[in-house]
Amino acid sequence: MDGNVKDRNERQPGIHITKLGSLVTNRNVLGKSDLPVFSVTMNEGMVLRNTLERKMAPDLPPEKSLFVEKGDIVYNMMRMWQGAVAVCKMQGVVSPAYVVCRPNSNIDSLYAYYLFKSSQMLHKFKTYSYGITGDRLRLYYKDFALVPVKVLPFLEQKIVSQILSTWDRAIEGTRKLIDAKKRLKKALMQQLLTGKSRLKGFVGRWKKIPLNSLFNQVSRPVEFDDSADYNLISVRRRSGGIFPRGILRGTDIKTKNTMITQLGWIQ
């Protein structure tokens, strides 16, 4: 085989390898008054800061914030390797803890967003980040600019980003439908289980009885054999139900106060 043969992707027409610094520029423009304040999230992109439920530090004055506008790519330098990046959809301000990048004419903002979310790029971002421990890794722009990347032709970028955004909209629509169904089920359970709504053909008043008249507590402790295999199950918090934990050898089960159930084993 010819040792000078290039990587297949490098030989594909239109695809070229470059560094991120040749595709985007770092902008450090100070904020302006009366603009919305945004935050970058892991899963929802850029959102209004005051819509976040977690406790936040007080807003910085505009002159200490960074100005962003539509099409900017904004990332959290401490979480870029985990995918904390977003595309800005309107003018606003963000914390100086973020890095604001302005794409040039060779890369589409939305395409860049999906590219930066890919597992291959996240691995590169982690490699180029610096920090003493994993939770202290930071990706400064000067290092971000050195990250190598394969780029499609601009027109193809636009088509790819449109396809992926269409899938995202479909996924979001399905998620909203599932959430609506869950709310309907919860309301139905509340009505049926409390007797506020009765099934056709059932009449009469409900009566209150203590739970101990319906259930008996049992204790079936296990006599462990370290050489035997045991099928363990556990109960999730917040109504998550019962789930299997797998089969373990007796010597590998650290908690010995385990009980027998009809389904297997539960701690």
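Let me begin with Lys32, whose charged end sits over the ring of Phe67, 4.7 Å from the ring centre. A charge counts as sitting over a ring if NZ of Lys or CZ of Arg is within 6 Å of the ring centre and within 35 degrees of the ring normal.

What we have here is a predicted model, in which local features need pLDDT of at least 70 and side-chain atom pairs count only at pLDDT 80 or more, while totals for chains, interfaces and linings use all residues. Residues are numbered from 1 along each chain as its sequence is written, and side-chain values use heavy atoms, with hydrogens and water left out.

I turn now to the salt bridges. Side chains of opposite charge can pair when their charged atoms come close. The structure holds seven salt bridges, each being a side-chain nitrogen of Lys or Arg within 4 Å of a carboxyl oxygen of Asp or Glu. One of them joins Arg27 to Glu69, with the closest N and O atoms 3.1 Å apart. Arg27 lies in strand β2 and Glu69 in the loop between β5 and β6, so this pair ties together parts 42 residues apart in sequence. Helices here are DSSP runs of H or I with at least four residues, and strands are runs of E with at least two, numbered from the N terminus. Arg27 counts as buried at 16% relative accessibility, whereas Glu69, at 22%, counts as partly exposed. For these words, buried means under 20% relative accessible area, exposed over 50%, and partly exposed in between, with a 1.4 Å probe and protein chains only. Arg27 and Glu69 also belong to a network of salt bridges that includes Asp72 and Arg102.

A second salt bridge is formed by the side chains of Lys158 and Asp108, at 3.3 Å from N to O. Lys158 is in helix α5 and Asp108 in the loop between β9 and α2, 50 residues apart. Asp108 is buried, with a relative accessible area of 10%, and Lys158 is partly exposed at 32%.

Both residues lead us to Ser161, which is found in helix α5, residues 154-193. Is Ser161 buried or exposed? Its relative accessibility is 3%, so Ser161 counts as buried. The side chain of Ser161 reaches the backbone oxygen of Lys158 at 2.9 Å. Leaving aside neighbours within four places in sequence, Ser161 is in contact (heavy atoms within 4.5 Å) with Asp108, Leu110, Tyr111 and Tyr114.

Next, the aromatic residues. Rings of Phe, Tyr and Trp (its six-membered ring) pair if their centres lie within 6.5 Å; planes under 30 degrees apart count as stacked, over 60 as edge-to-face and the rest as tilted. The count comes to six aromatic pairs. In one of these, the rings of Phe116 and Phe144 have centres 5.7 Å apart and planes at 85°, so the pair is edge-to-face. Phe116 lies in helix α2 and Phe144 in helix α4, so the pair ties together parts 28 residues apart in sequence. Phe116 and Phe144 are buried. Tyr141 and Phe144 form a tilted pair, 6.0 Å centre to centre with 40° between the planes. Tyr75, Phe116, Phe125, Tyr141 and Phe144 form one aromatic cluster.

Finally, how many disulfides are there? With a disulfide taken as a pair of cysteine sulfur atoms within 2.5 Å, the count comes to zero. Cys88 is buried at 2% relative accessibility, and Cys101 is buried at 0%.

Notes. Polar contact = N/O pair within 3.5 Å; in protein donor to acceptor, adjacent residues only side chain to side chain.
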